[in-house]
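My entries follow in the order I made them.

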Amino acid sequence: MKKQKSSNEFIFNHFDLLSEEIVFAILDRLNDNPLDKKSFSLACKSFYAIESWHRKTLKPLRSEHLTAILNRYPYVTHLDLSLCPRITDNSLTVISLACKKMLRSIDLSRSTFFSHVGLSNLVLNCSNLVEIDLSNATELRDLAAAAIAEAKNLEKLWLARCKSITDIGIGCIAVGCRKLKLINLKWCLGIGDLGVGLIAVKCKEIRSLDLSYLPITNKCLPPILKLQYLEDLVLEGCFGIDDESLAVLKQGCKSLKTLDMSSCQNVSHVGLSSLTSGIGCLQQLILAYGSPVTLALADSLQKLSMLQSIKLDGCLVTCSGLKAIGNWCVSLREISLSKCMGVTDKGLSSLVTKHKDLRKLDITCCREITHVSIAHITNSCTSLTSLRMESCSMVPREAFVLIGQRCHFLEELDLTDNEIDDEGLKAISRCFKLSSLKLGICLNITDEGLTHIGMCCSKLIELDLYRSAGITDSSILAIARGCTGLEMINISYCKDITDSSLISLSKCLKLNTLESRGCPLITSLGLAHIAVGCKQLSKLDIKKCYNINDAGMIPLAHFSQNLRQINLSYSSVADVGLLSLASISCIQSMTILHLNGLTASGLAAALLACGGLTKVKLQSSFKLLLPQSLFQHLEARGCVFQWRDKVFQVCSIFTCHEIHQVFCYYFFIQA
């Protein structure tokens, strides 16, 4: 890295003094922005080489570039192909020959078009594979399972929704992959007691086992519970499990820490009572959408001395049941009662008063509680870090002041669809650790309250203001100035928001999600500022932003190269704007409904040019306007079409003056 200045002079580069280990340490810190490492590699030839040696994880966008990418990065150990919908057997062969023994993990959970042939090549050439994710590969059959069985070093395997694999296939895996520590068989409907039993008998090192929605019965439980290292067991939706089945839990499995029995409709307190004697180390119990939470059920679980978290979402709850849980000797850290019927002030107050070490509480849609419950929660649980209480409609506005006055350690707060007002927001601004705040459909808040949040909650990352109609540009300015690390904001249907808000938010350099649908005063000028300032933008919703047109798409196409998902419905974008988005190589999902100026030929050109599309929502009228061969070609590339038949609601409104403003701004920043 020394450049010759003349025949006798050299320019000394201080980077020559750095060892490779030090440069690697520098690269380790460049993880926040994906463009940082790219900029580093383009600095000089030496940095280009070092960055290629350093990179261990790849997440490519297009399968057709795999050969070039893998040649560029020869030391990759983790390959995430979840953004590549079309992975063929040839693709897996290319990967296996390029990576060989270096590859340790591969994610194929969103990929299709490969078979047992490609998997066999992958497993044989990449003998050090320890993780394979094949979730959603619904076409894979037992031959594919037999190919996976040759991965002798495999430790983690995800087969969720691989519905065509049977007990025979899973038996091959059980025999071949003896080192398995995690296996996910959720919705593998072809696997029953025999296959699960073989996994339990042959794979002695299993730590995590997900059997959700499998047609299993009590026959497979005894070998499962003999697994001496088993820590996480998920039996969600296993309707063949009943009280009699759980009686075998008395046999042991003392290593179990997490048990999920959500939606097990045939399990009552009688079966659950077996837990107390058989699973002494249990830390988390999930019983969502199951039996009623009665006194009998609570009593059956009271001997779980290590329990820290219990989730009862969607259950019918009785006051005596909650009171009994409150009387447990153990001090719970997490309680979830989301969408539970029967939660009252008396029951909830008795519960939280006893569990003062509570860190997380979810009382979403507990519509019978009032200020009494909030007073007890805030008085007893002052160490709360997460409080979710969406749609607690009986809680009056003055109760929210107590949250800010007493719970200063909150990091997550969901107040969606509540009566909170500006005084409540002012009090909550004392929660200086807040990173996520949801205020959607809070009709009593205005700029005055939100400004306090912007001034005091500098760690805010996520802000949801969906349909909070009292919010205007002035409070968004305060948020943008005070919360510079903001990554997600939802201002949908805040109808007084204008371009000024978007110009303010363009200073939030980490912003990756902007939802601004139904903001009629936003124009292409504001969107251009977002495009220029927020280079990490990956999700954009401008549905019903009628004044955004092609002029807003051009700077977006130029600067927002990380954009993956966009909703353009009911905007004024036409052929030119849609086609310009094709230059964004990352773009995968488009919703294109009722674009008044969009023609069939313009749509066809844009769809063909966007090579990475995986999902497109279109007006059903285009089915007849475009040739079927076009859709077949795009579907062969891995794109899924969703058709909608909605009536157009309003017309687009924009002026030549606004278009001129955007173009002037665009050419100014280009210069």
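I took contact to mean heavy atoms within 4.5 Å. Helices (H or I, at least four residues) and strands (E, at least two) are DSSP runs, numbered from the N terminus. I noted that this is a predicted model, where local features need pLDDT of at least 70, side-chain atom pairs count only at pLDDT 80 or more, and totals for chains, interfaces and linings use all residues. Residues are numbered from 1 along each chain as its sequence is written, and side-chain values use heavy atoms, with hydrogens and water left out.

**Helices 16 and 17**

In helix 16, His371, Ile374, Ala375, Thr378 and Asn379 meet Ala399, Leu402, Ile403 and Arg406 of helix 17. I sorted these contact residues into five nonpolar, three polar and one charged. For the classes, Ala, Val, Leu, Ile, Met, Phe, Trp, Tyr, Cys and Pro count as nonpolar, Asp, Glu, Lys and Arg as charged, and the others, Gly among them, as polar. The axes lie 9 Å apart and the packing angle is about 5 degrees. Axes are lines fitted to C-alpha atoms, for helices over the stretch in contact, and angles run from 0 to 180 degrees between N-to-C directions. Helix 16 and helix 17 are therefore roughly parallel. The cut-offs are under 35 degrees for roughly parallel, over 145 for roughly antiparallel, 65 to 115 for roughly perpendicular, and oblique for the rest.

**Helices 1 and 3**

At what angle do the axes of helix 1 and helix 3 cross? I read roughly 70 degrees, with the axes of helix 1 (residues 20-28) and helix 3 (residues 45-54) coming within 10 Å. So helix 1 is roughly perpendicular to helix 3. Helix 1 brings Glu20, Val23, Phe24, Leu27 and Asp28 to the contact, and helix 3 brings Ile50, Glu51, Trp53 and His54. These residues divide into five nonpolar, one polar and three charged.

**Covered helices**

Next I checked burial. Buried means under 20% relative accessible area, exposed over 50%, and partly exposed in between (1.4 Å probe, protein chains only). Helix 15 (residues 345-354) is mostly covered, with seven of its 10 residues buried. Among them are Leu348, Leu351 and Val352, and also Asp345. The buried residues pack against helix 14 (319-326), strand 14 (334-336), strand 15 (360-362) and helix 16.

In helix 20 (residues 473-482) I found Asp473, Ser475, Ile476, Ala478, Ile479 and Ala480 buried. Their packing partners are helix 19 (447-456), strand 19 (462-464), strand 20 (488-490) and helix 21 (499-505).

**Two loop residues**

Is Thr416 buried or exposed? Thr416 is buried, at a relative accessible area of 11%. I placed Thr416 in the loop between strand 17 (412-414) and helix 18 (422-428). Leaving aside neighbours within four places in sequence, Thr416 is in contact with Met389, Glu390, Ser391, Lys438 and Gly440.

Phe113 sits in the loop between strand 5 (105-107) and helix 6 (116-125). Phe113 is partly exposed, at 40% relative accessible area. Beyond neighbours within four places in sequence, the contacts of Phe113 include Pro85, Arg86, Glu635 and Gly638. I also noted 9.8 Å between the C-alpha atoms of Phe113 and Leu140, which are 27 residues apart along the chain.
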